[in-house]
Amino acid sequence: MLQQWECSEQLSSHRTAGMQSRFRRAEKNYLRTERKSGLEALNYKAHLVMDEVKKVILGKDECIEKVMAAILARGNVLLEDVPGVGKTEMAIAFSRACGLKSNRVQFTPDVMPADITGFSMYRKETESFVYRPGAVMCNLLLADEINRTSPKTQSALLEVMEEGNVTVDGVTRQVPRPFIVLATQNPVGSFGTQRLPEAQVDRFLICVSMGYPNQEDEIAMLKSRHGGRPLDRVESVIDGETLLAMQEETENIFIHDAIYRYMTLLAAATREHELIDLGMSPRGTLALGRMARAYAWLRGREYCVPKDVKDALPDVGIHRIRIGQRARLNGRGAGDILEEILDSVKEPRTGERVR
């Protein structure tokens, strides 16, 4: 009788353990489903942002995706092109679609560093100094024609672009989160421009050139102006909190060791190429990983593939490498050399072991 009771108790305990195990599995599956559903909702909103920008910028879907990926990667963007192709309008459209507090600074030679970082003003009533916020105290700073101002003013952005802080009179203050700098610059050599210092350029995650529209897109652009300014039709589809959630999810994208090795091989190839005097810095390699994660997340994957890295390298590397005189004499540009490096470095294959 005692033996039968012990067997019954063991069976009951086994059933209870089995039920608990099944419950835990069901709970994990439910949480996984909920997480996937949440990720899909965030991903959908990211594409809504791009759709809003496309109301203003026609025929530049690839460029819009690049800027969106950089924003998701918590990066700053440098838009470099001739005047009048829509650089400023793209930046404003992104700020409105993301529902961010934005400030715009039109950089000229007389813009001072204090205009950017803020300054301390003496208040006679309290006999104390009061901080007056500068243009950086926002979520999105549009730095228009950044290469028309002095190097001293350009350097005022170094700290905030890298660390998200500004220091005025020895006091360090944090800028709002999220914080993004979208800067435009005219090609070097245009009247009144000067080259950005390399330390400044390296703080930009990517450098994008928009280019002229094709004939069909230019016709569509002309027609769209009859009903008013397209910028007035851009709606806010997310807010700062949603964008922060997107950025956090982007950081969780998985990168296999083979992909990490592929990125370092590409970076090393820029440092060893005979036509390149200055290759990508380690900050450039980190930027490559961040952009690859952002592309993977935008494309609905939880892991990176070699295509994400290949798509990211030209925009991450073009402003970070310095080509030599020999390359210029042969009519070779930085973009051409980076494409050559992508063709020469073998990309990892599925199932490949990392040595």
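1. Two strands are taken to pair if DSSP finds at least two bridges between them; strands (E, at least two residues) and helices (H or I, at least four) are DSSP runs, numbered from the N terminus. By this criterion, E1 and E9 pair in the parallel sense over three bridges, and Val77 stands opposite Ile206 in E9.

2. The model is predicted: local features need pLDDT of at least 70 and side-chain atom pairs count only at pLDDT 80 or more, while totals for chains, interfaces and linings use all residues. Residues are numbered from 1 along each chain as its sequence is written, and side-chain values use heavy atoms, with hydrogens and water left out.

3. The pair E1 and E9 belongs to an open sheet of five strands with parallel pairing, in the order E2-E5-E8-E1-E9. Strand E2 (102–106) and E9 stand at the edges with a single partner strand each, so one side of each has no neighbour in the sheet. From one strand to the next the twist averages 15° (axes are lines fitted to C-alpha atoms; angles run from 0 to 180 degrees between N-to-C directions).

4. Strands E6 (residues 165–168) and E7 (residues 171–174) pair in the antiparallel sense over four bridges. They form a hairpin with two residues between them, and Asp169 in the turn has a positive phi of about 55°. Val166 stands opposite Arg173 in E7.

5. The largest pocket holds about 730 Å³ of space. Its lining comprises 25 residues, of which Arg195, Ile318, His319, Arg320 and Ile321 are the closest to its centre. A pocket here is an open set of points on a 1 Å grid over the protein atoms alone where a 1.4 Å probe fits, with protein on both sides within 12 Å along at least five of seven lines; lining residues have an atom within 4 Å of a point. The volume is the space filled by probe spheres set on the points. Strand E1 (77–80), helix H7 (198–201), strand E9 (206–208) and strand E11 (322–323) each supply at least two lining residues.

6. The second largest pocket holds about 410 Å³ and is lined by 22 residues, with Arg74, Asn76, Met161, Glu162 and Arg290 nearest its centre. Helices H6 (158–163), H9 (240–251) and H11 (282–298) each supply at least two residues of this lining.

7. The whole structure contains zero disulfides (a pair of cysteine sulfur atoms within 2.5 Å). Cys63, at 6% relative accessibility, counts as buried, as does Cys98 at 0%; buried means under 20% relative accessible area (1.4 Å probe, protein chains only).

Conventions: Buried < 20%, exposed > 50% of the residue type's maximum accessible area, 1.4 Å probe, protein only.
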